Amino acid sequence: MNDSLVIAGKSYGSRLLVGTGKYKDFDETRAAIDASGAEIVTVAIRRTNIGQNPGEPNLLDVLPPDRFTILPNTAGCYTADDAVRTLRLARELLDGHALVKLEVLGDPKTLFPNMPETLKAAETLVKDGFDVMVYCADDPIQAKMLEDMGCAAVMPLASLIGSGMGILNPWNLRLIIDQATVPVLVDAGVGTASDAAIAMELGCDGVLMNTAIAHAKNPVLMASAMKKAVEAGREAFLAGRMPRKFYSADPSSPTSGLIGS
Amino acid sequence: MIQLIINGQPERLEQALTVHALLEVRQLAGKRLAVERNGEIVPKGRHAETLLADGDRLEIVVAVGGG
């Protein structure tokens, strides 16, 4: 069955997108990403050391851009201007690569998105030719605004970034999914495999996660679990779940032919 | 002598260098990085011809682990 995820005109076999932060070292990063089967991996853009530490290993040597689709993010940006500058640097760094993850944060305690600044940055980036995957609030109205603006994917949080609290508002996610004509990915909040499966069963097109894998006791094993959970959730969504029956059971075995009857 | 701000730090150069020469001196030439000068990207193809001037503010960035 061909069931690829299409983002900005490009097809991907995996619906699991993973971050590259919080790992012990680059060996663990690469091993976990390989186990996850992810094709799209997020990276952050930061100032380099300017000669104090020559020979420092480079993440893109571990995750070569000819093998993975690198998704630069704007983590840590609190204004539209900083996010746009960061992604212009990322495009230069990645030789003109247009697919980016926009996130403009509102406050350091919750890392909740600042939606007015997010909308402003998205508009500028879309006009500038970027394919924008955008971290946003689970607000169907603003998700629609981002879509109408030309964003390549909308990525509502399921719960706070790095919290592992899971899918807190499945109803809002469903509202966003049901109206969307671009991919909807849950970005942030997944804690364990069942959370990823629930997101996919709701009809999400994909899931983006970092901490749930990197901060598991065994990140490589959790990456493998997440791969299966996303696949299982997707298949369950496509299969269509049985209707829920409240207050009445329905036996699975025949009711006739019982002995002694 | 010129004074620059590189990645937020004040730096002095004995003479005006090109972006490329600065990267060589700092052992960063050939690495995967991107340079912004006074808020504008300096494309890789122009590193060798872009001469730094007194008061320039540079940002030199790389990809790091992130989510």
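**Entry 1: B:R37 and B:D56**

I looked up B:R37 and found its side chain in a salt bridge with B:D56, at 2.7 Å from N to O. I count a salt bridge when a side-chain nitrogen of Lys or Arg lies within 4 Å of a carboxyl oxygen of Asp or Glu. B:R37 sits in strand β3 (residues 34-37) of chain B and B:D56 in the loop between β4 (40-42) and β5 of that chain, so the pair ties together parts 19 residues apart in sequence. Helices (H or I, at least four residues) and strands (E, at least two) are DSSP runs, numbered from the N terminus. B:D56 is buried at 5% relative accessibility, and B:R37 is partly exposed at 21%. Buried means under 20% relative accessible area, exposed over 50%, and partly exposed in between (1.4 Å probe, protein chains only).

**Entry 2: ground rules**

I am reading a predicted model, in which local features need pLDDT of at least 70, side-chain atom pairs count only at pLDDT 80 or more, and totals for chains, interfaces and linings use all residues. Residues are numbered from 1 along each chain as its sequence is written, chains are lettered from A and ligands numbered from 1 in the order written, and side-chain values use heavy atoms, with hydrogens and water left out.

**Entry 3: other salt bridges**

I noted 20 salt bridges over all chains. Among them, A:R47 meets B:E59 at 2.7 Å, N to O. A:R47 lies in strand β4 (residues 40-47) of chain A and B:E59 in strand β5 (residues 57-65) of chain B, so this pair joins two chains. Which of these residues is buried? B:E59 is, with a relative accessible area of 16%. A:R47 is partly exposed at 45%.

Next I looked at A:E117 and A:K120, whose side chains form a salt bridge of 3.8 Å, N to O. They are 3 residues apart in helix α4 (residues 115-127) of chain A, about one helical turn. A:E117 is buried at 19%; A:K120 is partly exposed at 43%.

I also found a salt-bridge network linking A:D3, A:R15 and A:R234.

**Entry 4: a sheet in chain A**

I traced an open sheet of 3 strands in chain A, in the order β6-β7-β8, with parallel pairing. Its edge strands are β6 (99-102) and β8 (153-156), each pairing on one side only. Neighbouring strands are turned by 20 degrees against each other on average, direction ignored. Axes are lines fitted to C-alpha atoms, for helices over the stretch in contact, and angles run from 0 to 180 degrees between N-to-C directions.

I followed β6(A) to β7 (residues 131-136) of chain A: they pair in the parallel sense over 4 bridges. Pairing needs at least two DSSP bridges between two strands. A:L99 has A:D131 in β7(A) as its bridge partner.
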